[in-house]
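Please examine the sequence and the structure shown below before reading further. The paragraphs that follow lead through them step by step.

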Amino acid sequence: MSLDSNNKKHAGVWILAEQSKGRIGRIGHELLTRGRALADKLQTDLTAMVLGCDIPDDDLQGLIDRGADRVIAMEAPQLANFLVEPYSACTAALLDEYRPEIVIAGATSTGRTLMPYVAVKIHAGLTADCTELDIEPETNNLLQTRPAIGGNILATIKTPVHRPQMATVRPHSTRPADPQSGRSGEIIRLDAPPDLLTSRVKRVAFTPSTDEMSIQDAEVVVTAGRGIKRAENVAIVAELAEALGAALGATRDVVDRGWMSYPHQVGLSGKTVTPKLYVAVGLSGSIQHIAGMGTSEHIIAINSDPDAQIFQIAELGLVGDLFEIVPILTRKLREATSRTH
Amino acid sequence: MRIVVPIKQVPETSAVKMDSETGTMVRDGVEAIVNPLDLYAIEVALELRDARGDDSEVIALTMGPPAARKAVGEAISMGANSGVLVSDKALAGADTWSTSYVLAAAIRKIGDFDLIVCGERATDGDTGQVGPGIAAFLDLPVATYISKIQCDDRSCLLDRLVEDGCEQLEMEIPGVVTVVKAIASPRLPTLGGKQRARRTDIPVWGAADLDVDSENLGLSGSPTRVVKIFRPQVARECEKLPAGDEDAIETAADGVIEFLTNKEFM
């Protein structure tokens, strides 16, 4: 862990493209959007790192098509699912061999476990849960911006000396890169060295969740805040969500009070969503919450306080009592929908 | 079984105010509490200890200013057997790398541990990086987002919540787990517990008491630097429709439908 080894030339931007059951997931494509922008500013190459087993050629080429200049896949049966020790050992070995200056991963259950483990092992700086990444013009340092202190403020963080500069990025905080035709790049497949694959954790079973529509996958999200006042009133907002064909979200306040369950929570400590339409009902728009939905394409807010912060990011605001507004809006939406069918 | 629970004292988040002149945090008069998510780690550690019915121990550990002694006291008043405060001016300003480094050194000094149980993250920093960081410094396995745990003398059977479901893991001990809220319901401190906390000697360890390299401590030993703190600019042009009475609401609702039609949602 001496700094000497860190001072050798580091170059290039890397992203971790996570796979599940051998298929590259959406987060890798989102990170390509981030990584491409950084690599272009630095006029350097973008590499996608994949750890897994038997990844199809099409999925690796898909990373090239979406902006990577190079894909490095390290494979072994022991890498099929995330286990911290083999993943960390393989990542550290690759970073030592190729020496990128920047490594970004998703702030997923995998990224948020792997990255801090690796950062300690290689003595690198790591910033969690970034919502913005940029390059500082004078120094070419990575500027990592994230909500801090319960989301009341944003902090910009950098890693002046240690390399690589590492960051995790909130899933769904940017759009996945689209494939472009005619892109070409290098695909390197490596067998993982067996001595890196020992693990004191074994995965013995997996139970897939059988949840309702995920708020992260929905095109329209309707979210209730503390303004609904009590658990029974979730139903009022749920009816509006149903009329819009939307998934139902909740603020941290609502989840902490037990009015809705954690999978519904939008915000810094919940999920980040980027739907086409976000309807905020009875929530003031704490920065904590905005960190989880501020990049929605269109935002409509309903709140009785004309100065509520949520109106600063909404395109359309209804100022009044949600208990009067929402039922009428729901009825009118149902009428309008039935007219068009 | 010896279980170490690293905890953090945090400002009661909702009480944090910003000084609009200087853009800095106003800490005066803000109550400090045990990180609410650490209470779940303390609780599950106590339950694991009590289920064994032997001489197992729970040891709370925190790093912070002298006032953070109160956080260790609260863990003891919930039922922890003992606690340690690591406090030294040289540690001020540590990022998650340096914090993990010091906590790992303190855990080595506590010694003879079987399990380290951490909360998912702290409500002020919100990184969740210190649990895995401690594991890496101690060269131990780590399992994060744990919602269920059963242990025997050699391993733990764990439920780990991930994006698309629940993994069941078997982890050798010693090892590190970080736990989510679903794992337990934290008990309240008892009166007897509070009295015990007052009587219990909580040792305070400085950097000199730990096997640490001074280059890795505090702000100067931290790879990351905060370069700017600011309030986000979040302005979009908002068309506000008054909806104070029924007529206004009808009109506003028509406005919403027109908006949705224009944007091709309907």
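Which residue of β14(B) does Ile157(A) stand opposite? Ile157(A) faces Val226(B). This is a predicted model, in which local features need pLDDT of at least 70, side-chain atom pairs count only at pLDDT 80 or more, and totals for chains, interfaces and linings use all residues. Residues are numbered from 1 along each chain as its sequence is written, while chains are lettered from A and ligands numbered from 1 in the order in which they are written.

Strand β10 (residues 153-158) of chain A and β14(B) run antiparallel and are joined by five bridges. Strands (E, at least two residues) and helices (H or I, at least four) are DSSP runs, numbered from the N terminus; two strands pair if DSSP finds at least two bridges between them. Strands of a sheet pair through backbone hydrogen bonds, either parallel or antiparallel.

The contact between the chains takes 67 residues from chain A and 65 residues from chain B. Two residues are in contact if their C-beta atoms, placed from the backbone, lie within 7 Å. On the side of chain B that touches chain A, several elements each supply at least two residues, among them α3 (96-110), β9 (142-151), β14 (225-230) and α6 (246-262) of chain B. The largest share of this side, eight residues, comes from β11(B). By class, the side of chain B that touches chain A holds 36 nonpolar, 14 polar and 15 charged residues. Here Ala, Val, Leu, Ile, Met, Phe, Trp, Tyr, Cys and Pro count as nonpolar, Asp, Glu, Lys and Arg as charged, and the others, Gly among them, as polar.

Chain A may now be considered by itself. Chain A is divided into domain 1 (4-196) and domain 2 (220-340), with bounds that come from an automatic or database domain assignment. The centres of these two domains of chain A, taken over C-alpha atoms, are separated by 33 Å. Where they meet, 10 residues of domain 1 of chain A are in contact with nine residues of domain 2 of chain A. The domain 1 side of that meeting in chain A has two nonpolar, six polar and two charged residues.

Chain A also contains an open sheet of seven strands, with parallel pairing, in the order β7-β11-β6-β1-β4-β5-β12. β7 (125-130) and β12 (186-191) of chain A stand at the edges with a single partner strand each, so one side of each is left without a neighbour in the sheet. From one strand to the next, the twist averages 20 degrees. Within chain A, strand β1 (residues 13-16) and strand β4 (residues 46-52) run parallel and are joined by four bridges; Leu16(A) stands opposite Met49(A) in β4(A). Helix α2 (residues 57-65) of chain A packs on the sheet, touching β4, β5 (70-75) and β12 of chain A, and its direction makes about 150 degrees with that of β5(A). Such angles run from 0 to 180 degrees between N-to-C directions, and the axes are lines fitted to C-alpha atoms, for helices over the stretch in contact.

In chain B, strand β1 (residues 2-7) is mostly covered, as five of its six residues are buried. A residue is buried if 20 or more other C-beta atoms lie within 10 Å of its own, exposed if 12 or fewer, and partly exposed in between, with C-beta atoms placed from the backbone. β1(B) pairs in the parallel sense with strand β6 (residues 57-63) of chain B over six bridges, and two bridges join β1(B) to strand β8 (residues 115-119) of chain B, also in parallel. Val4(B) has Ile59(B) as its bridge partner in β6(B) and Ile116(B) in β8(B).

Most residues other than glycine have a negative phi, and most peptide bonds are trans. Asp126(B), however, has a positive phi of about 60 degrees, and Asp139(B) has a positive phi of about 55 degrees. Asp126(B) counts as buried because it has 23 C-beta neighbours inside 10 Å, whereas Asp139(B), with 10 other C-beta atoms within 10 Å, is exposed.
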